[in-house]
Amino acid sequence: MTTAQPTSRTKAGFTPSPTEPLAHQLLATLAQHRMASTHQLHVLLRPDRSRQSVSERLNILRGERLVDFVVLPASYRSRVWYLTLKGARLTRDWPALRGRPPYPITSATAASLKTPHTLTVLRTHLSFVTDARLRGDEHGHLDWTPEVFHNIGDGERVVADAVMYYTLVEAQQRRKLRAFVEVDRATMSSERLAAKLIEYARLWTYEPQPVGRRKQAAGPGWLRWYPVFPRVLFVLTGASRAALNNRINDLKAMVAHHPLVAQLASEVPLGAAVQEDLDEHGPAADMWIPLNGGEARPWTQL
């Protein structure tokens with residue numbers, strides 16, 4: 001999907017508007033992403049300001065009992081912030097978050113249990129945010145929605161680690177891209193990881209049954225949320241390079257041997273990359289392995 005773009009291109013890319021209060025942006029970001037470290041909030045919201053300015057505002061919000069934090073172990077007392085019940089109630093009906101379940105974290109223990117995976121997913125988001133700013137593309141702090149559920153029939157559902165919205169600015173066009181993002185920390189078996197492709201293939205073909213005999217089927221259920229089916233990106237970390245390569249090969253094998261996944265791959269871009277490569281080179285580099293075969297390339301060219 002592309003739209004016309006003015007001839008002048010702002011190379012600085014998208015950053016949150018400084019006219020919106022930082023406190024509001026911090027609360028919205030924590031509502032969207034569940035939790036974030038001080039460093040992550042600084043990069044997301046005020047990369048051109050001091051980290052101290054973000055810390056001070058967070059401490060004010062804590063004094064108002066809207067946010068709280070846990071300390072990461074072995075991290076020189078790095079703080080990870082989350083909304084309190086009061087903060088979750090305050091942000092529940094904000095327009096940018098409408099329809100987003102609040103999932104408030106009710107204790108420091110609950111926050112600690114969620115921290116490793118949540119921060120790793122947000123780390124992937126930061127790779128795209130940083131790269132978008134360098135390229136002059138649009139991808140901001142609310143263009144990444146974690147934990148997105150979709151029904152796939154038989155009372156089952158697929159849960160994406162995140163849905164990404166990204167506007168690629170090229171010459172005089174704006175190309176809108178979407179992706180389901182799966183962030184793998186090597187905490188599940190490689191077989192279970194590859195089986196996620198079957199779930200996405202089921203979502204691709206799933207058509208909700210109409211209520212009543214006279215109603216016509218409306219087509220695939222995903223059309224309710226997306227004009228085209230989002231590409232599927234796997235980001236892997238948490239193991240040796242050899243182990244991660246084996247996991248990518250297992251994803252490719254699922255595409256090759258499962259008929260429904262093979263059909264999905266013929267229509268929908270599927271790719272995998274290593275998080276450490278995203279950190280070092282940015283996601284626009286030639287690092288994404290197409291799961292249906294071929295040479296590594298940028299994620300936008302899968």
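User: Why are Glu182 and Lys196 called a salt bridge?

Analyst: A salt bridge is a side-chain nitrogen of Lys or Arg within 4 Å of a carboxyl oxygen of Asp or Glu. In this predicted model, the closest N and O atoms of Glu182 and Lys196 are 3.5 Å apart, so the pair meets that definition. This is a predicted model, where local features need pLDDT of at least 70, side-chain atom pairs count only at pLDDT 80 or more, and totals for chains, interfaces and linings use all residues. Residues are numbered from 1 along each chain as its sequence is written, and side-chain values use heavy atoms, leaving out hydrogens and water.

User: What parts does this pair tie together?

Analyst: Glu182 lies in strand S7 (residues 173–184) and Lys196 in helix H6, so the pair ties together parts that are 14 residues apart in sequence. Helices (H or I, at least four residues) and strands (E, at least two) are DSSP runs, numbered from the N terminus.

User: How do you know whether Glu182 is buried or exposed?

Analyst: Buried means under 20% relative accessible area, exposed over 50%, and partly exposed in between (1.4 Å probe, protein chains only). Glu182 has 6% relative accessibility, so it counts as buried. Lys196, at 12%, is buried too.
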